[in-house]
Amino acid sequence: MQISVSSTLTVYHDGQFWVGLAEHVEGGRYGVARIVFGAEPSNEEILQFVAGKWEKLSFFGGEPTEASKPAKNPKRRAREAARALKRPAMGTKAQQALAAQREAMKRESAQARSQRRADEADARFERRKLKRKQKHRGH
């Protein structure tokens with residue numbers, strides 16, 4: 001069984017910050033991650049990021065997608081690269097994946113916040129119960 005893996009990193013300026021959009025297709029599953037660089041990153045900084053932090057990125061999404069087969073012809077690859085540079089940096093597929101990622105993170109944080117509040121309420125109740133018990137103890 002052969003698994004196809006494809007990754008791209010697009011760096012663009014969104015008006016305020018320099019942002020990297022990492023798209024990853026592995027075995028028909030599409031994932032995307034957004035990285036905020038801040039100031040314009042140099043080629044060395046991008047290379048260090050890819051070499052050191054790429055595996056730590058969490059790619060979300062999971063809907064199967066068809067991976068395009070790379071062209072063997074170098075002229076065709078050059079034309080495809082030029083075409084990719086003309087396209088806008090943020091595609092609708094990436095936007096949808098990032099939106100799904102934000103929604104999932106929002107649900108997770110709401111669930112964690114609810115659990116934390118319930119734990120705090122239980123702890124307060126236990127403290128009140130203990131205090132009541134100590135007040136009713138004999139002298």
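User: Hi! Is Glu126 buried or exposed, or partly exposed?
Analyst: Glu126 is partly exposed, because its relative accessible area is 44%, and the class lies between buried (under 20%) and exposed (over 50%), using a 1.4 Å probe and protein chains only. This is a predicted model, where local features need pLDDT of at least 70, side-chain atom pairs count only at pLDDT 80 or more, and totals for chains, interfaces and linings use all residues. Residues are numbered from 1 along each chain as its sequence is written, and side-chain values use heavy atoms, leaving out hydrogens and water.

User: Which residue does Glu126 form a salt bridge with?
Analyst: The partner is Lys129, with the closest N and O atoms 3.5 Å apart. A salt bridge here is a side-chain nitrogen of Lys or Arg within 4 Å of a carboxyl oxygen of Asp or Glu.

User: Where do Glu126 and Lys129 lie?
Analyst: Both lie in helix H3, 3 residues apart, about one turn of the helix. Helices are DSSP runs (H or I, at least four residues), and strands are too (E, at least two), numbered from the N terminus. Lys129 counts as partly exposed because its relative accessibility is 37%.

User: How many salt bridges does the structure hold?
Analyst: There are 2. Lys106 also forms one with Glu103, again with the closest N and O atoms 3.5 Å apart. Lys106 and Glu103 both sit in helix H3, 3 residues apart.

User: New topic: what pLDDT does the protein chain average?
Analyst: The average is 81, and 87% of the residues score at least 70. pLDDT is the predictor's confidence in each residue, from 0 to 100. Confidence is highest in helix H3 (residues 92-135), at 91.
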